[in-house]
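Subject: Structure handover

Hello,

Here is the structure I promised to pass on. Please open it alongside this note.

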Amino acid sequence: MRLIKQALPFAVAIAITGCGGSSDGSITNTQPSDEADTVAGSGQETVTERDTIRVLSNRPDLINGGDALVEVASDNIEGARIQLNGKDISDTLTTVRDGVLRGLITGLELGENELKVTLGKSGVLRKTIINHPKGGPVFSGPQVQPWNCTNANAVDEKCNQPAEFELKYVPQSKFDLFAESFDPQSPGLPGAFLPYDPGNPPPSGDIARVTTDEGVTVPYIVRVERGVMNRDRYQVMALFQPDQEWTAVSPQEQWNGKILIHHGGNVGVSYGMGNPPNGDIAGTAPEGAETLLGDSISVALARGFVTLSTAQANLGHNVNLVTAAESLVMAKEHVVEQYGPVRYTIGTGCSGGAIAQQHIANAYPGVYQGLIVQCSYPDVWTTATQFADYNLLNEYLGNQVSEDPADLLAFVESLLSSPILAVQWPALYGHLPLNPIVSDLAFFPSAEPDQENCPGLAGQAVVYDPETRPDGLRCGLTDYMASQFGERLPAAWSPNEQLLSRGFTGIPLDNTGVQYGLKALQDGVITGDQFLAVNRDIGGLDIDINYQPERTAADLEALENSYRTGAINTAENLANVPIIDLRGPDPGIAHDAFHSWQVRARLEQTQGHARNHVIWYGAFPLAGDTIFTTEALLVMDQWLTGIEADQEEVPVPNKVLANKPVTARDRCLSLLAPFSAEGPKAPYTGNLLYPEPQVSGLNPEQIPTFPAELGQILDVATGQVCGLNLGELGLPDIITDPLQPIADDVVEAQKLVVQTRFGTPRTVAGDAITTMNNKCQLKPVDPADYPVNILNGVYTAEGFAQKVAEIFPEGVCDYTKPPVGQGPTLTWLQYGDEHIVSTGGEPLPPGTGTVAGWASPAFGVDLNPRSDL
């Protein structure tokens, strides 16, 4: 049973903005409910949709930090009087165009605030704004405790501090910078930016000049803003002219109105502050490697973007996806309030950075308008099922590498005595063994609640130990999701839970009924005895993520909530966003290539198509190609620009498909890059050759320019590397129809040989590529699943099925039926306030969700919960 304690401010806000209760004869405006303005007058004036108050920087009930960018529009705006909580603030707003005032209002009190506009002739407008602490929470419910503030300038227990600013610049010759700064003893690549001292600036001729995508040419000087919100750090960077002011009402001319949000990799928890990540593959590749592995951030800055990152949207630091979303909502509000309204926002990031984007876009749609994901996983909690299976199989096979070098001999001996031969492992894992082993070393320890070195804790609490400290802090992935998953019911309590008289956070993982190695048995790769042995002895994980002889049993509430909250990414709400997925081959340090097609299959299942999803696959590990990140930014920018200019009165998903550029299509080679309309960009060069080659003595004019169309022709002509679709070649049906079956066979072979589209233990057990089945429905053991194979020891299907039934007396997985607990992801859930939790989340109140400052009108940004689910 879900414990729901709704936070009062949201209900109060709806009552006030919906009723407008006024003693001066005011009437409720008949304009759309997301405006929720109250109008009063003499009764003779006509109220029109022109008379509005709009909060541009966020939903009016999600504002934080005491300020908000607002806009007042009316045909009778002249002489308007504006009051905040009864105090005149008319001078705060300025005219931005005829009949429209805009300004940053400050001094909001915590809780409800009334913004009142008395118009010259048409009455009174009122807007209720609910202000939350800058230290949070806004909608994520009670915050993780304890929390360690590590910033020396903190002014309170929520780590708040004034923002700090730093200027940097790019020298005229980036190539010379790299050559002069390279140290053979420390071969990390230097950054592209140098400190800029406004009191002692470098000669103007030493500073590179860039021309933005809107044709504004300025010195390549960047202002870096760092600060704290929601108890953690954020960073904003922008091209900046030090001799000019920048406000939300009057931004500097070089800003193009766009945001690039970049994320960090990995998954983990922390009980103290982190640092905002930098780089497209931050947290996955070594610091500085972005220079060669692709650097869309410096490219975006040069084109006029503002770039944004938050520590909490780095899953390696904070696996709680609700607070990750909350941090971006707060940070995006800050950008609008301090820099100005936004045209659209693009996300970028690898591994955990891809998870963050895809989860937030699905559960909190509107934060992004486009996604660029690398080395992608769809979410944490179906991936956790995969990694848990890897861990159990590694345990069974003795295929676990110890951190102690002295144990190497024991490891080798365990491999030699494995019950299944090494040559059979890929058929059991569904994958080459390297990624399963790496996943155990790299990711699985962060799931355990008894981590000896709990990140960020700094001795502020004693960490849980199942034997000696059962009441200690549980430092693991599931317990960090307590407000989303909920506590376990007494019937499932472990001895420690019984001792404490409270349940730990439930787990949404399960392997009851899973027939490990079923396809390997059916294909004759493993024997019947091996199949029976692995399923009899595989075991499972207990609540402490320790091995147990019994299978893992999911907690039903946690399981249901994992779908409800989007922790399992069901992909229902992604049709509004274009996605470019950048993928390298396996082995990819546990980043299985199949995950790109896993996301595509989920989109096809929920949308009926995946035409908003593009996969660029290449030979370079993780990233596909070092030029992909830069090129994907350019293509995504082109895609979103087309959507922005689309004035058709059609749903946003239609605009996404209608404005898809020809360059936004599946491919596996970089043939398009040298022929790009943006100029030649050679493969495997990262940012060194953008926006023009930075090679001493080379004149860019000497590089021949080829028609951009030539790259498109070459990509189509070599499309068989990504899947030979004869229809794309424009051949007549009389040719394609007889050849397509042959092409289909080639494509199936390419999926393994070229794209390394391997499987998982669950796909080997019979699950679909979507693998959203964290707990399966059961069916009776069916002899038809076990073909007779005398060489493998399956003499009769009925006799073998009887042996299987002894291992699975309650039945085996039926993957033709929906998963247990599956339901749609609900959007824009809130989890209570600072003191009261709404377990599993409740939708925010409807009617206040349109936020005009977050994106251009064509994107239809609406922060209301979906009503059709």
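How many salt bridges does a search of the whole structure find? The search finds 26. Bear in mind that this is a predicted model. Some background first: side chains of opposite charge can pair when their charged atoms come close.

E71 and R54
These two side chains meet in a salt bridge, with N to O at 2.6 Å. The pair links distant parts of the chain, 17 residues apart. E71 is in strand 5 (residues 68-73), and R54 is in strand 3 (residues 52-55). E71 has a relative accessible area of 2%, so it counts as buried. R54 is partly exposed, at 28% relative accessibility. There is also a network here: salt bridges link R54, E71, R97 and R102.

K258 and D637
The closest N and O atoms of this salt bridge are 3.0 Å apart. K258 sits in strand 18 (residues 258-262) and D637 in helix 17 (residues 628-645), so the bridge ties together parts 379 residues apart in sequence. Both K258 and D637 are buried.

R600 and D666
Here the closest N and O atoms of the salt bridge are 2.6 Å apart. R600 belongs to helix 16 (residues 594-607). D666 lies in the loop between helix 18 (652-658) and helix 19 (708-717). The two residues are 66 residues apart, and the pair links distant parts of the chain. Is R600 buried or exposed? R600 is buried, with a relative accessible area of 12%. D666 is partly exposed, at 33%.

Best wishes

Conventions:
Residues numbered from 1 in each chain as written. Predicted model: local features only at pLDDT ≥ 70, side-chain atom pairs only at ≥ 80, totals over all residues. Heavy atoms only, no water. Salt bridge = Lys/Arg side-chain N within 4 Å of Asp/Glu carboxyl O. Helix = DSSP H or I, 4+ residues; strand = E, 2+ residues; numbered from the N terminus. Buried < 20%, exposed > 50% of the residue type's maximum accessible area, 1.4 Å probe, protein only.
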